[in-house]
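Hello,

Here is the structure I said I would pass on. My notes on it follow below.

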Amino acid sequence: MSIALTPGHATHRPHYRRRRRWAKAGAVILGVGLLIWTLLPVYNMLLMALDADADEFTGSIWPPDPNLDSFRSVWTDDYWLMDHFWQQFANSIYLGLATMALTVLIGSLTSFSLGRLRLRRGWIISDVALLTYVLPTAFLVIPFVHIMHKYGMSDSLWAVIAAEVTFATPYAILILHQYGKLIPMELDESAKIDGASPLQVYLRIYVPLMAPALVAVGVYALLLAWNEYLYQYLLLSSTRNMTVAVAIDQFFDSDEAPWNYMMAIAIIYSLPPVAIYFALRRFMVAGLTMGGVKG
């Protein structure tokens with residue numbers, strides 16, 4: 001059976017295709033513009049890091065005499081402001097990984113208890129946890145610093161870890177709780193019939209099936225701790241316990257700020273989270289999107 005096209009349909013199709021091409025072209029132009037706008041500061045950082053004169057703004061697209069001396073100085077710690085750079089870099093990694101691990105552990109256990117063990121009035125826990133986002137974190141820094149000083153945890157990485165986990169856990173509970181609703185309860189019931197304890201259900205069923213969401217909240221907690229500055233600045237004072245985010249602030253106290261060294265440090269400091277993000281972005285997208293499907 002054939003359907004004859006009217007003249008209106010014949011004229012409408014080329015118009016639709018033309019409009020679709022213009023829409024694609026506009027989307028491509030917008031995407032390229034946003035990409036350039038996003039990468040422009042990073043490119044400017046690279047220009048300053050490669051500039052031997054350490055000029056803040058060169059005004060050129062590429063340095064006239066680029067070199068890697070600034071990166072070499074960072075690697076060898078031969079500048080007085082970078083004497084403990086790799087120790088501080090290790091502190092940053094330790095801070096980020098500890099925050100990620102504790103956030104995933106606390107968030108997964110809480111979401112498992114709320115969603116799988118069917119606690120009475122469990123919704124109160126999740127709602128109260130989200131109340132921590134009512135006040136900005138900057139407003140809570142003074143009482144938090146006072147608490148850490150009172151309990152003798154000043155100038156300790158664990159004081160910063162405690163703060164970061166406090167702010168990352170409510171989001172983790174929300175995402176994991178919503179994602180956990182997609183896992184059939186029949187799997188838990190079958191395991192319990194076979195004699196599995198709640199801990200075995202958590203380790204052998206819940207955690208493997210929740211892997212995408214666990215990766216998503218883990219990377220979120222890592223990036224939160226990696227990019228945070230205020231709490232690290234107020235809670236860490238000694239050079240030995242400082243992170244890179246705090247140590248780089250010392251460059252601004254110098255009479256002549258060595259911009260090339262500072263930008264080299266910033267580029268090196270940004271590599272671990274970028275590598276982790278691109279390595280796990282497939283799991284992150286799956287965890288974040290599926291966690292918002294069902295509420």
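**What was found**

The chain has twelve helices and zero strands. From the N terminus on, the order is α-α-α-α-α-α-α-α-α-α-α-α.

This is a predicted model, in which local features need pLDDT of at least 70 and side-chain atom pairs count only at pLDDT 80 or more, while totals for chains, interfaces and linings use all residues. Residues are numbered from 1 along each chain as its sequence is written, and side-chain values use heavy atoms, with hydrogens and water left out.

Of the 295 residues in the chain, 37% are buried. Buried means under 20% relative accessible area, exposed means over 50%, and partly exposed lies in between (1.4 Å probe, protein chains only). For contacts with a separation of 6 or more, 76% are between residues 24 or more positions apart; a contact means heavy atoms within 4.5 Å.

In α6 (residues 157–180), 19 of the 24 residues are buried. The expected span of a helix is 1.5 Å times one less than its number of residues.

In α9 (residues 211–227), twelve of the 17 residues are buried, among them Pro212, Gly218 and Trp226.

Which residues does serine 92 contact, leaving aside its neighbours within four places in sequence? They are Trp226, Thr243, Val244 and Tyr269. Serine 92 lies in helix α3 (residues 85–115) and counts as buried because its relative accessibility is 2%.

Tyrosine 43, in helix α1 (residues 7–50), counts as partly exposed because its relative accessibility is 31%. Together with Leu40, Leu46, Ile61 and Trp62, Tyr43 makes a nonpolar surface patch of about 500 Å².

Regards

Technical notes:
Helix = DSSP H or I, 4+ residues; strand = E, 2+ residues; numbered from the N terminus. Patch = residues over 30% accessible without salt bridge, like charges linked within 9 Å, V, L, I, M, F, W, Y side chains within 5 Å. Areas by Shrake-Rupley, 256 points an atom, 1.4 Å probe, with all protein chains shown as cover. Salt bridge = Lys/Arg side-chain N within 4 Å of Asp/Glu carboxyl O.
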